[in-house]
Amino acid sequence: MKVAILDMYEGVPNEGMRCIREILAAYAVRNSLTLQCDEYEVRIAARVPDLSYDIYISTGGPGSPLDSEGSEWEQRYFETMEALMAAAKPVLLICHSFQLMCRYLQLGNVCRRRSPAFGVFPVHPTVDTEMIFAQLPDPFYIVDSRNWQVIGLDHERMAAMGATVLAIEKERPHVPLERATMAIRFSPHMIGTQFHPEADATGMRMYLLQKEKKDQVLTNYGAEKYYSMLEQLSDPDKITLTYDTFIPAFLDHALSSKR
């Protein structure tokens, strides 16, 4: 199994890269595969992979998905995405990468949220036929960490390119705002999520227990929200279930389509 990871973190310390590496390594062992995993620093070094890999994972990352428009690295990134789509290569886009592709393909309004989303949230699937969601209930639970969102989808444009909405954020009847799109299948081989399917409960718990992050969550969201997040991380049917099933199902689908 030859995998390219497009590192979009711009040198910022994160848990995402660790989680992706661990998921890939465990999957290779479980399926008796030899793993070659190469990482490409996109936003600083403008490095992108060629078309020789079996699978491509483009990570989340910090900052605005709008401010990079016209940059050299972004141009190279989109050229790579176009080539991967043309070659029907399996691609997973996470958070920042998902927002970038929605903007590039003009599928909807990529805009700043009224307030940041951070924590463990329910997400609702919108189709019954998506095999990557087959082991997940409605709702399933995800780790969300973002200041941006994709709303106001252009459904005609999506239909023309064969894209499908796979999940939307939880319904909030008391909030008169459109629910954000949380996952899209851009093509038979490319899927993107607004959330972090790679996030693991252990890493998230350690992150939340850091004094700086704990104080930040308590200040911004309150004690009830903070302790609710810690409690949900202990539930095997929430974040752990998504971690255990989502990316492995993507890898299963990618490798089966290659055979």
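1. Contact means heavy atoms within 4.5 Å. By that rule, and leaving aside neighbours within four places in sequence, Tyr207 is in contact with Phe118 and Lys213. Tyr207 is found in helix α5. Helices (H or I, at least four residues) and strands (E, at least two) are DSSP runs, numbered from the N terminus. Tyr207 is partly exposed, because its relative accessible area is 30%. The cut-offs: buried is under 20% relative accessible area, exposed is over 50%, and partly exposed is in between (1.4 Å probe, protein chains only). Tyr207 and Asn14 are 193 residues apart along the chain, with their C-alpha atoms separated by 9.7 Å.

2. A word on the model. It is predicted: local features need pLDDT of at least 70, side-chain atom pairs count only at pLDDT 80 or more, and totals for chains, interfaces and linings use all residues. Residues are numbered from 1 along each chain as its sequence is written, and side-chain values use heavy atoms, with hydrogens and water left out.

3. Next, α5 and its partner α6. Helix α5 covers residues 201–209 and helix α6 covers residues 211–221; their axes come within 5 Å and cross at roughly 80 degrees. That makes α5 roughly perpendicular to α6. Axes are lines fitted to C-alpha atoms, for helices over the stretch in contact, and angles run from 0 to 180 degrees between N-to-C directions. Angles under 35 degrees count as roughly parallel, over 145 as roughly antiparallel, 65 to 115 as roughly perpendicular and the rest as oblique. From α5, Tyr207, Leu208 and Leu209 take part; they meet Lys211, Lys213, Lys214 and Val217 in α6. The residues of this α5 and α6 contact divide into four nonpolar, no polar and three charged. Here Ala, Val, Leu, Ile, Met, Phe, Trp, Tyr, Cys and Pro count as nonpolar, Asp, Glu, Lys and Arg as charged, and the others, Gly among them, as polar.

4. Now α2 and α3. Helix α2 (residues 72–86) packs with helix α3 (residues 96–104) at an angle of about 80 degrees, and the axes are 12 Å apart. The two helices, α2 and α3, are therefore roughly perpendicular to each other. On the α2 side the contact includes Trp73, Tyr77, Phe78 and Met81; on the α3 side it includes Leu100, Met101 and Tyr104. By class, the α2 and α3 contact has eight nonpolar, one polar and three charged residues. Trp73, Tyr77, Phe78 and Tyr104 also form one aromatic cluster.

5. How many aromatic pairs does a search of the whole structure find? The search finds eleven. Rings of Phe, Tyr and Trp (its six-membered ring) pair if their centres lie within 6.5 Å; planes under 30 degrees apart count as stacked, over 60 as edge-to-face and the rest as tilted. The rings of Tyr53 and Tyr56 have centres 5.8 Å apart and planes at 75 degrees, so the pair is edge-to-face. Tyr53 counts as buried at 3% relative accessibility. Tyr56 counts as buried at 0%.

6. Tyr226 and Tyr227 form an edge-to-face pair, 5.0 Å centre to centre with 85 degrees between the planes. Tyr226 is buried, with a relative accessible area of 1%. Tyr227 counts as partly exposed, at 46%.

7. Two lysines sit over rings. The test is NZ of Lys or CZ of Arg within 6 Å of the ring centre and within 35 degrees of the ring normal. The charged end of Lys2 sits over the ring of Tyr53, 4.8 Å from its centre. The charged end of Lys238 sits over the ring of Tyr141, 4.6 Å from its centre. Lys238 lies in the loop between α7 (223–233) and α8 (239–258). Is Lys238 buried or exposed? Lys238 is buried, with a relative accessible area of 17%.

8. His196 is placed in the loop between β9 (190–193) and α5. His196 is buried, at a relative accessible area of 13%. Not counting residues up to four places away in sequence, His196 touches Tyr9, Gly60, Ile94, Cys95, Val143 and Ser145. His196 and Gly60 are 136 residues apart in sequence and 7.7 Å apart in space, C-alpha to C-alpha.

9. Last, the backbone. A cis peptide bond joins Asp138 and Pro139, with omega about 0 degrees. Glu10 is not a glycine, and its phi is positive, near 55 degrees. Ala46 has a positive phi of about 55 degrees although it is not a glycine. Ala46 counts as buried, at 9% relative accessibility.
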